[in-house]
Amino acid sequence: GRGVALPAGPDLRHFLRAAAAGQPGPSPELPPEPGSAPGAPKVYLETYGCQMNVNDTDIAWAILQKNGYARTKQLHERSSWNTQVSWLPREKAEQAIWNRLQHLKALKAQRPQARAPLRIGILGCMAERLKEEILHREKLVDVVAGPDAYRDLPRLLAVAESGQQAANVLLSLDETYADILPVQTSAGGRTAFVSIMRGCDNMCSYCIVPFTRGRERSRPIASILQEVRMLSDQGVKEVTLLGQNVNSFRDLSEVQFQSVAAPGLSRGFSTVYKAKRGGLRFAHLLDQVSRIDPEMRIRFTSPHPKDFPDEASVLQLIQERHNICKQLHLPAQSGSTRVLEAMRRGYTREAYLELVHHVRDSIPGVLSLSSDFIAGFCGETEEDHQQTVSLLREVRYNVGFLFAYSMRQKTRAHHRLQDDVPADVKKRRLEQLIATFREEAARANAALVGQAQLVLVEGPSKRSASELCGRNDGNIKVIFPDTELEDAAECGAPGRAQPGDYVMVKVTSASSQTLRGVPLCRTTLSRAAASH
């Protein structure tokens, strides 16, 4: 559904966004990739939607690069590449993509006949869900590839080069791209996302993911560890383990663990599928990943609340390991038990609150919570809405992602429920949720004023070149002056903090989305943990 994300988390800052009816400003071309042949066909990549789509872009580019393609960042009629394919993976705000495709169609028509023709492709969730419409609606694209078909991209492009449309949207029960190391499209970045699993089995009634990304399957732990080690060697300082439901991770690649008993669910939690036996679980993965580099922060998203109660080892790891961020994303979606039942979330309001109290007791004083909420789901009454407002007040999240409900085809809600909350009511309820979230987040963040926070520097602040921006352990944006700082770990001369450095910052003011402070010193993750 369409909505507002508050605040923009680390995932959002990687997105390349195009205006609904406009063209992004020109950006310089990337230098040729090592080993790419002169005159190699060039690919232009444009990413929309959730962080899974950004990760998919990295996988698709790794496959194309291996097959002789070069990448360009410049989409312009006078560009010097021979062939260009524009990929638009996404899940929401589809109208923006339709508008973008119309713009690309115009560029395609204007391309001189003496030049190689412009080819347009779309991949990801939208490609799988709307294949027929994409291929036949004014013939806007040449290639359509679903999220499990990226290995087939070279063949699909070859078919398109012959003048035919090409498509593959078949879903797989076992594809995880475990043997493909994604090529990070944010060159020089200090943060990265590592996909640990694909698909989802939860079948929440509003959600399209099981139908566009298929059934749940996990990457072998060995391949995940290999990717994280590679990122560590490249200087990445923060890795987020990524999946639709990360804490149901289950690596079945090692035979000796295939008969392990399935974990149980606590009181108030249920699931639509039978308990799954066997496999190495998320706690084992988190333990192994956190041991790779003591100077690399580890986050994970998104977990499902039902998979936490008996995963005490996960909460214990978060408490014990200094490089596992003391932050949890607990998507509630609603504060009404009646609506949660209609959503098929597998828990009650009371069970969710009990979980919140449990995790805060397990990691006292330092835990940052974030959540997702949907306003105006099918059959939601004013009383249901007010229960969501009260949940926001009771829990007091630091970060929130809030959306108005938008019904999607293929979902259980589309087949069995009525989208009966008027658009103006959804808008009003969403606005109230946003206002409540901001009010409570401002209070939660105000509690940090006067405290020293360890900040991973990302780069200059967007609003001032004289300030730096980064994020604390709780994933809250922190802005502070760019000045020369002593290095707590060395006796060398003072210097300015660089992206990837850890800086201790004393918080002087706070809003619902941002902390401001004064820098104290440069330090390391290990040293900062030892001093607390």
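Buried means under 20% relative accessible area. The exercises below use a predicted model.

**Exercise 1. Describe the protein chain as a whole: how many helices and strands does the chain have, and what share of its residues is buried?**

Solution. 
- Step 1: the secondary structure consists of 15 helices and 24 strands.
- Step 2: the chain has 532 residues, and 56% of them count as buried.
- Step 3: the exposed surface comes to about 22,200 Å², with 52% supplied by carbon and sulfur atoms.
- Step 4: among contacts with a separation of 6 or more, 74% join residues 24 or more positions apart.

**Exercise 2. Work out which residues of helix 8 are buried, then locate the contacts of aspartate 287.**

Solution. 
- Step 1: helix 8 spans residues 282-290 and is mostly covered, with seven of its nine residues buried.
- Step 2: the buried residues in helix 8 are Phe282, Ala283, Leu285, Leu286, Asp287, Val289 and Ser290.
- Step 3: aspartate 287 has a relative accessible area of 14%. The cut-off is under 20%, so aspartate 287 counts as buried.
- Step 4: apart from neighbours within four places in sequence, aspartate 287 contacts Leu317 and Arg321.
- Step 5: the aspartate 287 side chain makes polar contacts with two arginine side chains, that of arginine 291 at 2.9 Å and that of arginine 321 at 2.7 Å.
- Step 6: aspartate 287 and arginine 321 lie 34 residues apart along the chain, and their C-alpha atoms are separated by 8.7 Å.

**Exercise 3. Classify the packing of helix 11 against helix 12: are the two helices roughly parallel or roughly antiparallel?**

Solution. 
- Step 1: the axes of helix 11 (residues 349-362) and helix 12 (residues 382-395) come within 12 Å and cross at roughly 10 degrees.
- Step 2: angles under 35 degrees count as roughly parallel, so helix 11 is roughly parallel to helix 12.
- Step 3: helix 11 contributes Arg349, Tyr352, Leu353, Val356, His357 and Arg360 to the contact, while helix 12 contributes Gln387, Ser390, Leu391, Glu394 and Val395.
- Step 4: sorted by class, the residues of this contact are five nonpolar, three polar and three charged.

Conventions. Residues are numbered from 1 along each chain as its sequence is written. This is a predicted model: local features need pLDDT of at least 70, side-chain atom pairs count only at pLDDT 80 or more; totals for chains, interfaces and linings use all residues. Side-chain values use heavy atoms; hydrogens and water are left out. Axes are lines fitted to C-alpha atoms, for helices over the stretch in contact, and angles run from 0 to 180 degrees between N-to-C directions. Helices (H or I, at least four residues) and strands (E, at least two) are DSSP runs, numbered from the N terminus. Angles under 35 degrees count as roughly parallel, over 145 as roughly antiparallel, 65 to 115 as roughly perpendicular and the rest as oblique. Contact means heavy atoms within 4.5 Å. Ala, Val, Leu, Ile, Met, Phe, Trp, Tyr, Cys and Pro count as nonpolar, Asp, Glu, Lys and Arg as charged, and the others, Gly among them, as polar. Buried means under 20% relative accessible area, exposed over 50%, partly exposed in between (1.4 Å probe, protein chains only). A polar contact is a pair of N or O atoms within 3.5 Å; within protein, one must be able to donate a hydrogen and the other to accept it, and residues adjacent in sequence count only if both atoms are side-chain atoms. Accessible areas come from the Shrake-Rupley method with a 1.4 Å probe; for residues, only the protein chains shown count as cover.
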